[in-house]
Amino acid sequence: MFELINARGEHINLRSDSIFASSPTGLGVSFTNSYNRYDSYFSTSKVNVNQGQFQADIWFGDVESDVYNTFSGFATFLSYQPLTLVYTTGVGTWFRDARVSAVNKSELGGNNSDSNILNESFTLDFVNPWYNNKSVQYIKYKSDPNLAVFGRGYLNANTTNGTKYGYTYGGNIRMVTP
C-alpha cells in the first residue's frame with residue numbers, strides 16, 4: 001500500500017478507486033562509497049546515501065465527471081509540502097520524506113485508450129532514506145535503597161598529621177596513611 005501525508009497531516013491513499021498509482025519505481029536505495037587503498041586492501045572511508053526518486057503513473061477517476069475534481073484535489077493536497085511517502089509491506093510500515101519533482105497533466109484519454117481516465121506521471125524527490133517508527137514501552141523499576149553500598153568510592157583527606165587516602169566499600173570507610 002502506498003499513502004502520502006502532506007504537511008497538514010492529510011492522507012491520500014495511492015491505491016484507491018479514484019487515485020491509483022501503478023508501475024512504481026525508486027523504492028530502493030543507493031550509496032556512493034569512497035575507499036582508501038592500503039596495499040592490496042581497500043578500507044571504506046566514506047559512505048553517502050544518494051538522493052532517490054519515486055516515480056509512478058497515477059490513474060485519476062473511474063467516473064468521467066469526477067476525474068478533474070480528483071486531479072484538482074490531488075494537486076491541492078501536494079501544495080502542502082514536505083510530503084511523506086508511507087509504504088506498507090508484509091514486514092512493516094516504512095516512511096520516506098519527499099518533495100514534488102513533477103506532476104504531468106494531459107487531457108482525458110490522452111495517455112491511454114480509456115477516455116474516462118486521466119493517466120499522469122508523478123515524481124517525488126526523496127530527502128532522506130527510509131525509516132520506520134518503532135514504539136517504545138518504558139518500564140519503571142522499583143528503587144533499591146541498598147544500591148549505594150555496592151561498589152567503591154575513593155576520597156582524599158588533609159589532616160594535621162598529613163594526607164590520608166580512603167575508600168568506601170560496602171558502606172564502611174577505610175582510611176590509609178601513606
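**View 1. Contacts of Phe 74 in the predicted model.** Setting aside residues up to four places away in sequence, Phe 74 touches Leu 4, Ile 12, Leu 14, Ile 19, Ile 58, Phe 60 and Phe 122; contact means heavy atoms within 4.5 Å. This is a predicted model, in which local features need pLDDT of at least 70 and side-chain atom pairs count only at pLDDT 80 or more, while totals for chains, interfaces and linings use all residues. Residues are numbered from 1 along each chain as its sequence is written, and side-chain values use heavy atoms, with hydrogens and water left out.

**View 2. The largest nonpolar core.** This core has 23 residues, and Leu 4, Leu 14 and Phe 74 have the most contacts inside it. A nonpolar core is a set of buried Ala, Val, Leu, Ile, Met, Phe, Trp, Tyr and Cys residues joined through side-chain atoms within 4.5 Å; buried means under 20% relative accessible area (1.4 Å probe, protein chains only). Elements that each supply at least two residues include strand S1 (2-5), helix H1 (64-78) and strand S9 (118-126). Helices (H or I, at least four residues) and strands (E, at least two) are DSSP runs, numbered from the N terminus. The largest share, 5 residues, comes from H1.

**View 3. The open sheet.** In the order S2-S1-S7-S8-S9-S6-S3, 7 strands form an open sheet with antiparallel pairing; two strands pair if DSSP finds at least two bridges between them. Strand S2 (11-13) and S3 stand at the edges with a single partner strand each, so one side of each is left without a neighbour in the sheet.

**View 4. Pairing of S1 and S2.** These strands pair in the antiparallel sense over 3 bridges. The bridge partner of Ile 5 is His 11 in S2.

Conventions
Buried < 20%, exposed > 50% of the residue type's maximum accessible area, 1.4 Å probe, protein only.
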